[in-house]
Structure formats: C-alpha cells, structure tokens
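Student: I would like to go through the terms used for this model and check each one against its cut-off.

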Amino acid sequence: MSGSTGGAGTKTDGRVERGNQTRRLVLGRTMDIASVEGLEGLSLGRIATELQLSKSGVFALFGSKEELQLATIRAAVAVFAEHVVTPLKDVPPGARRVHELCRNWLAYSSGRVFAGGCFFYAVSAEFDARTGPVHDAVAGTRRDWNTYMERALTEAQAVGDFTEDLDVEQLAFEVIALMEAANAQSVLLGDTRAYARAERGVTARLRASATNRGRDGLDAGER
C-alpha cells in the first residue's frame, strides 16, 4: 500500500516539475518578446510553435493570452528584483545605497537583461492609455518602483545623508527620468553613451541634495 502511494506521489511530483520547467522556459521567452514587441506580441500558439511545445500544454499552464501576459509581468518583476534590488541587501540605508540602486538599474538596462532594454519601460508605453487587468498590473509595477526609490531616499534622509528640506518625490522623479531617458536613447538610437550621461546626472543631482555626510557616502561608493 505504502509503496504504491509513494509511486503515485513520485509520478505527480515529476509532472509538477516538468510543468514548472516548461513554465520557466515559456516565461523566459515571453519576457524577451515583450521587451521588444510588447505584451500584445504574445500568444499561446506562437510560444508553443517557437519552443516546440504542444499548444494544449501551454494552454493548460496559462489558460489565456491575458494570463500569459500577467504571468510574464510577474516573472519580469522577479528578474528585475534579482538584478536591481537584491544586490543591495547588505548595503545600509544612505546616499550610497541610493546611488548603488541607480547604478544597478543602469547596469540592468545597459546589460540587456531583457533583449529590449528595460522591460517595464517598454510595456508601460504600450499600456499607458489602456484599461484592464494588464494595464493595472503594469501600472502597479511602476508605482512599486517609484515607491521603492522614494523609500530609499527617505531612509537616507533619516540617517542624515540628505537635507531636511529634501523633496523626496521630486528627486525620485528626476533620477528615474534620467535613467529611463538613457534606456530609451540606447534602445532607439543605439547610443550606449547615454548611460554614462545618466549616471553623471544622477550623481550630480544626489550630491546637490546631500549633506556632507551623504557626500562622503557617495564618494566612498566611487572608490
């Protein structure tokens, strides 16, 4: 009795793992497609054909084009966090942490973690004027990123690295805008120098709002 139960469990576990492997394979491809062509470039049939999978198998995993799009956004969030946020886990709050956060973002975009540059910049332009669950998911990722940058700045201000009168929302808006401009210019024009320009702009803007303590932290990050 116990032996047969174990065998059934092993078979079930094997199917689950194969399903997980297929899901990872599909999402790896859909993230790259979406970063270049947009989320509307995704379809269950296309992915099945490109990856030589059964369409019914892909449908069983995602169910609809919309769910495929939403799963792709969630997968891209995890990749973004791995490259931009997770490397900061041992960096204490402060101006240096904010600076390294920006550098990580620029490296994520310039290194083409996604084939089309920043995944979220690409799909935001595609869905900004639409409505529905996919729009809401994209908008949510943008709000989360803005909030994360604002929190990093607020924490740096709290430890004395930025002036008390700092307009956190304004500074977050400016540094994000500089980084996204570099992404856009690089993708559209092939101008990789835009990343160095963006980093200089971000550094100058952070230094202009930093205290002496904060500038010391920024300088330490340069070494």
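## Terms and values

Tutor: Glutamine 52 has a relative accessible area of 75%, so this residue is exposed. The structure is a predicted model, in which local features need pLDDT of at least 70, side-chain atom pairs count only at pLDDT 80 or more, and totals for chains, interfaces and linings use all residues. Residues are numbered from 1 along each chain as its sequence is written, and side-chain values use heavy atoms, with hydrogens and water left out.

Student: What makes glutamine 52 exposed?

Tutor: Exposed means over 50% relative accessible area, buried under 20%, and partly exposed in between, with a 1.4 Å probe and protein chains only. At 75%, glutamine 52 is therefore exposed. Glutamine 52 is in the loop between helix H2 (44-50) and helix H3 (55-62), and has a positive phi of about 55° although it is not a glycine.

Student: Why does arginine 112 count as partly exposed?

Tutor: Because its relative accessibility is 28%, arginine 112 falls in the partly exposed class. Arginine 112 lies in the loop between H5 and H6, and its phi is also positive, near 55°, in a residue other than glycine.

Student: How many helices and strands does the protein chain have?

Tutor: There are 10 helices and zero strands. Helices are DSSP runs of H or I with at least four residues, strands are runs of E with at least two, and both are numbered from the N terminus. Of the 223 residues of the chain, 41% count as buried.

Student: Which residues of H8 are buried, and what puts them on the same side?

Tutor: The buried residues of H8 are Val168, Leu171, Ala172, Val175, Ile176, Met179, Glu180, Ala182, Asn183 and Ser186. They cover an arc of only 155° around the axis, so they are on the same side of H8. The arc is that of the directions from the helix axis to the C-beta atoms. The face turned away from the buried side carries the exposed residues Glu169, Phe173, Leu188 and Leu189.

Student: What covers the buried residues of H8?

Tutor: The cover includes helix H5 (95-110), helix H6 (119-127), helix H7 (133-158) and helix H9 (193-209). Contact means heavy atoms within 4.5 Å. Just after H8, glycine 190 takes a positive phi of about 70°.

Student: Why are H4 and H5 called oblique to each other?

Tutor: Angles under 35 degrees count as roughly parallel, over 145 as roughly antiparallel, 65 to 115 as roughly perpendicular, and the rest as oblique. The axes of H4 (residues 65-85) and H5 cross at roughly 125° and come within 8 Å. H4 and H5 are therefore oblique. Axes are lines fitted to C-alpha atoms, for helices over the stretch in contact, and angles run from 0 to 180 degrees between N-to-C directions.

Student: Which residues of H4 and H5 meet?

Tutor: Phe80, His83 and Val84 in H4 meet Leu101, Asn104, Trp105 and Tyr108 in H5. By class, this contact has five nonpolar, two polar and no charged residues. Ala, Val, Leu, Ile, Met, Phe, Trp, Tyr, Cys and Pro count as nonpolar, Asp, Glu, Lys and Arg as charged, and the others, Gly among them, as polar.
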